[in-house]
Amino acid sequence: MNIYHPAHRRNLSLQPFWISSFPPPPRRSLFPCETLSRISLMYAMWRLQVALCTLSVLLSLSSAGESKARSCSEVRQAYNVKGFSLVNVPHQEISGEHLRVCPQGYTCCTSEMEDKLNQQSKLEFENLVEENSHNMRTTFVSRHKKFDEFFLELLDNSEKSLNSMFTRTYGKLYMQNSEVFQDLFTELKRYYTGGNVNLEEMLNDFWSRLLERMFQLLNSQYHFTDDYLECVSKYTDQLKPFGDVPRKLKAQVTRAFIAARTFVQGLMVGREVANRVAKVNVVPACVRALTKMLYCPYCRGMPGLKPCHNYCHNVMRGCLANQADLDAEWNLFIDAMLLVAARLEGPFNIEAVIEPVDIKISEAIMTMQDNSMQVSAKVFQGCGQPKPSGIGRSARGISDVFSTRFRPYTPEERPTTAAGTSLDRLVIDIKEKLKESKRFWSNLPDDICAKGKLAESDEEQCWNSHTKGRYFPEVVKEGLTNQVNNPEVDVDITRPDTLIRQQIMALRVMTNKLKNAYNGNDIYFQDSSDEGSSSGSGSGCSDGCTTEFVFVGTEAPVIGADRSDERAAAAAAGKSLSRGPSLMLVIVALTIPLWAMKTQWR
């Protein structure tokens with residue numbers, strides 16, 4: 001039996017649809033309170049479901065309408081500023097299922113736009129590395145040129161000084177024998193510019209030739225054959241006709257020239273390595289990460305949005321992972337350069353050695369003159385009595401000519417300082433620039449991602465790889481092996497960049513040579529390919545230097561150290577891979593991974 005009166009049903013028909021559609025209540029039960037509670041609960045749940053569904057539909061419709069109405073005008077303007085054509089660039093957002101790099105969804109980018117932005121990202125990254133390394137690379141270029149000019153001008157000034165003062169002091173006798181002194185400066189320049197010259201042998205030869213000439217002049221009443229003069233030269237060390245000057249000058253010149261030549265070579269190697277490493281090899285995974293960071297905001301209709309700072313760090317550390325691995329060897333190289341620079345300021349000061357060389361040679365000549373009688377007697381005793389020449393000594397006498405004491409330049413007369421500076425000022429300037437370049441490669445991502453420059457300083461109002469908001473992943477450490485956990489760049493840590501490894505080896509070789517120069521020793525590099533140009537001046541590494549070297553003490557003859565062969569240190573980087581690496585590089589690469597080696601000071 002139905003408990004509801006027909007009038008009740010009429011009243012129900014006047015209720016809203018969600019009430020009228022509710023099923024009729026059950027028949028009266030024996031438990032009226034329990035029945036009413038169950039009905040009330042079911043009714044409340046049903047109304048909640050209806051409300052939620054209605055709200056969801058309204059929000060969906062609202063969102064769809066808003067998305068479809070979103071304009072791409074700002075993106076079009078920014079895209080045009082980059083120099084791209086606006087043909088086929090949408091005016092309003094379109095569906096983004098075609099995108100391969102940027103987030104899919106409603107977008108202002110077509111496939112063609114995404115491809116062009118890929119290329120633009122690669123180009124801008126290359127430019128960023130070039131720009132951020134420009135000052136450092138320019139430092140090595142300008143300081144190498146300045147030091148080279150200074151050294152060669154210093155030698156020229158010293159030669160001019162000696163020639164002028166010896167002509168004034170010794171007159172015709174000097175001019176008749178001037179080639180002995182000219183050859184000395186020629187060989188010094190040839191050594192500095194990478195020639196196959198052993199300094200100690202060359203200086204010994206100079207004093208032997210000077211002894212022969214002076215012995216003849218001081219004993220002009222005798223005739224000397226070539227064999228006899230050769231015998232005379234053998235007594236140079238035993239008789240010490242020039243006193244202690246040759247020994248002291250040899251030690252000073254050898255140490256100073258080794259330090260100067262090695263230092264200028266180091267400046268050149270630093271320049272070549274920096275130039276090569278700054279030309280980055282941008283792999284596809286890096287290009288995708290760069291595009292996502294730099295230009296996916298365009299596709300999302302936010303072209304002015306910069307990447308978050310930490311997000312930028314992860315992308316740059318992934319893309320510059322190999323460059324960061326250069327940093328350890330680079331820092332050791334800079335430290336070695338600073339040590340040799342300190343030598344140049346102190347005991348190996350080339351300026352203090354070269355400028356007074358005319359005075360020192362004149363002192364040696366005076367000593368020879370003072371000891372001429374004893375020297376001649378001992379030579380005659382050892383080499384035999386020479387035959388008379390039949391020509392008597394001049395009325396004035398040769399000894400009178402040499403008794404004229406050498407008068408050096410006054411400070412006002414001496415030629416102006418080389419290259420408009422002094423060695424001390426030049427070295428101090430270079431040292432400051434070298435110190436600034438330490439840790440350059442590991443700091444490069446930080447420099448590129450400087451807040452306000454490329455990345456956004458506001459961590460809440462920045463691009464985080466998919467929208468505007470805070471970037472939560474942690475920043476990975478620099479270096480190739482640390483990129484295994486990089487959330488932004490897929491880096492293959494098992495394949496180090498070959499060019500970077502070659503530069504690491506080049507720096508290691510140059511550092512070894514600098515350390516030996518610091519101790520007054522020389523290392524001569526021998527290029528097994530015997531290739532290369534001899535153009536340029538200073539370092540003997542006009543295009544680069546090999547990583548193969550032969551250590552030779554300063555008393556040993558030089559092996560293959562002319563300008564065409566001494567392509568020390570930077571050449572490993574300059575050779576094409578088609579020629580293959582040097583034997584030494586292959587052996588090292590096969591025995592110990594280059595990136596795991598640690599250089600220690602001896």
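Helices here are DSSP runs of H or I with at least four residues, numbered from the N terminus. The model is predicted, so local features need pLDDT of at least 70 and side-chain atom pairs count only at pLDDT 80 or more, while totals for chains, interfaces and linings use all residues. Residues are numbered from 1 along each chain as its sequence is written, and side-chain values use heavy atoms, leaving out hydrogens and water.

View 1. The 15 residues of α7 (178–192) should span 21 Å at 1.5 Å a residue, and the end C-alpha atoms sit 22 Å apart, which agrees. That expected span is 1.5 Å times one less than the number of residues. Among the buried residues of α7 are F181, L184 and Y191; buried means under 20% relative accessible area with a 1.4 Å probe, protein chains only. After α7 comes G194, with a positive phi near 95°.

**View 2. Around F257.** Skipping neighbours within four places in sequence, F257 is in contact with F151, L155, L188, Y191, L199, I350 and I354. Contact means heavy atoms within 4.5 Å.

**View 3. Where α5 meets α22.** Helix α5 (residues 111–170) packs against helix α22 (residues 440–448) at about 125°, with axes 10 Å apart. On the α5 side, L128, V129, N132, S133 and M136 meet F440, W441, L444, D447 and I448 of α22.

View 4. T291 belongs to helix α12 (residues 284–294). T291 is buried, at a relative accessible area of 1%. Leaving out neighbours within four places in sequence, T291 is in contact with V101, L117, N118, S121 and C296.

Definitions and conventions:
Helices (H or I, at least four residues) and strands (E, at least two) are DSSP runs, numbered from the N terminus. Buried means under 20% relative accessible area, exposed over 50%, partly exposed in between (1.4 Å probe, protein chains only). Axes are lines fitted to C-alpha atoms, for helices over the stretch in contact, and angles run from 0 to 180 degrees between N-to-C directions.
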